[in-house]
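Subject: Model handover

Hello,

Here is the model for your files. My notes on cores, pockets and cavities follow below it.

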Amino acid sequence: MNPAKRAEMFRRWREANPNPTTELEYHSVFELLIAVILSAQATDKGVNKATAYLFPVANTPGAIYALGEEGLKDYIKTIGLFNSKAKNIMATCRILIDKHHSEVPQQREALEALPGVGRKTANVVLNTAFHQPTMAVDTHIFRVANRTGLAPGKNVLAVEKGLLKHIPKEYLLDAHHWLILHGRYTCVARTPKCGQCIIADLCDFKEKTC
């Protein structure tokens, strides 16, 4: 795919959705961090249901730590892998309290040192909360990047590097959200909705459904 096509893709996405954002519900950087940790192998809708009960009760590292691991589980038990997530969140809250004055750090290395926070989670927080031009490649973005020809890659890191290299700088800050929404609602896994796709004529996918 050539640079002109890539630029036109993002121009159309921006025109259709000028201010894209995450579908996770949060009111602070810490709430976003917890929501993203919980979202691993879970839906944003499911996470939002759980945090709607959790955050009014505990939405700071100290408050969640005070719940205790078992107490936290009561709020997140509807989410997949809640046992391991509760353990990681408790350990993360302890580190935030002890090492970061209960604030979420803005540095990748410090974020990835938190239990339950990998590269993808760190990228989401850096991009959404701290407005850094990072690319959090999940299954949706991996599929869109490969299927459309935007930034083909055999693994997540290769796709991330390809996207950061090829996406025009003016679109990079919001690109993560446009791509994930496109993969979630249009370029879906089994039967992509090519007939409804605003970039279908630019896409390299050879088996279009329209």
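Start with the largest nonpolar core, which has 34 residues. A nonpolar core here is a set of buried Ala, Val, Leu, Ile, Met, Phe, Trp, Tyr and Cys residues joined through side-chain atoms within 4.5 Å. Buried means under 20% relative accessible area, exposed over 50%, and partly exposed in between, with a 1.4 Å probe and protein chains only. Leu33, Ile64, Leu72, Ile89 and Leu111 touch the most other members. Helices 2, 3, 4, 5 and 7 each give two or more residues to this core. Helix 2 gives the most, with eight residues. Helices (H or I, at least four residues) and strands (E, at least two) are DSSP runs, numbered from the N terminus.

This is a predicted model: local features need pLDDT of at least 70, side-chain atom pairs count only at pLDDT 80 or more, and totals for chains, interfaces and linings use all residues. Residues are numbered from 1 along each chain as its sequence is written, and side-chain values use heavy atoms, with hydrogens and water left out.

Leaving aside neighbours within four places in sequence, Ile64 contacts Phe30, Ile34, Leu54, Ala58, Leu72, Ile89, Met90 and Cys93. Contact means heavy atoms within 4.5 Å. Another core, of 27 residues, lies apart from the largest one. Its members include Val137, Ala151, Tyr171 and Ala175.

Why is helix 2 (residues 29–38) largely enclosed by the rest of the structure? Because nine of its ten residues are buried. They are Phe30, Glu31, Leu32, Leu33, Ile34, Ala35, Val36, Ile37 and Leu38. These buried residues pack against helix 3 (44–54), helix 4 (61–76), helix 5 (82–99) and helix 7 (119–128).

Now the open spaces. On a 1 Å grid over the protein atoms alone, a pocket is an open set of points with protein on both sides within 12 Å along at least five of seven lines; a cavity is a set where a 1.4 Å probe fits but cannot get out; lining residues have an atom within 4 Å of a point. Grid points are joined across faces, edges and corners, and a volume is the space filled by probe spheres set on the points.

The largest pocket has a volume of about 540 Å³. Of its 23 lining residues, Ser39, Asp44, Asp138, Ile180 and Arg184 are the closest to its centre. Helix 10 (169–185) supplies the largest share of the lining, four residues. By class, the lining has seven nonpolar, ten polar and six charged residues. Ala, Val, Leu, Ile, Met, Phe, Trp, Tyr, Cys and Pro count as nonpolar, Asp, Glu, Lys and Arg as charged, and the others, Gly among them, as polar.

The second largest pocket is about 170 Å³. Its lining includes Trp13, Trp178, His182 and Gln196. Helix 10 gives the most here too, with three residues. Six lining residues are nonpolar, four are polar and none is charged.

One cavity of 30 Å³ or more turns up in a search of the whole structure. The largest cavity has a volume of about 90 Å³. Of its 14 lining residues, His182, Cys187, Cys194, Cys197 and Cys203 are the closest to its centre.

Finally, the record. An unreviewed UniProt entry places "domain: HhH-GPD" at residues 38–185. Over that stretch the chain is 67% helix and 0% strand, and the end C-alpha atoms are 21 Å apart.

Best wishes

Technical notes
UniProt positions are given in the numbering used here, feature names are shortened, and annotations may be inferred rather than shown by experiment.
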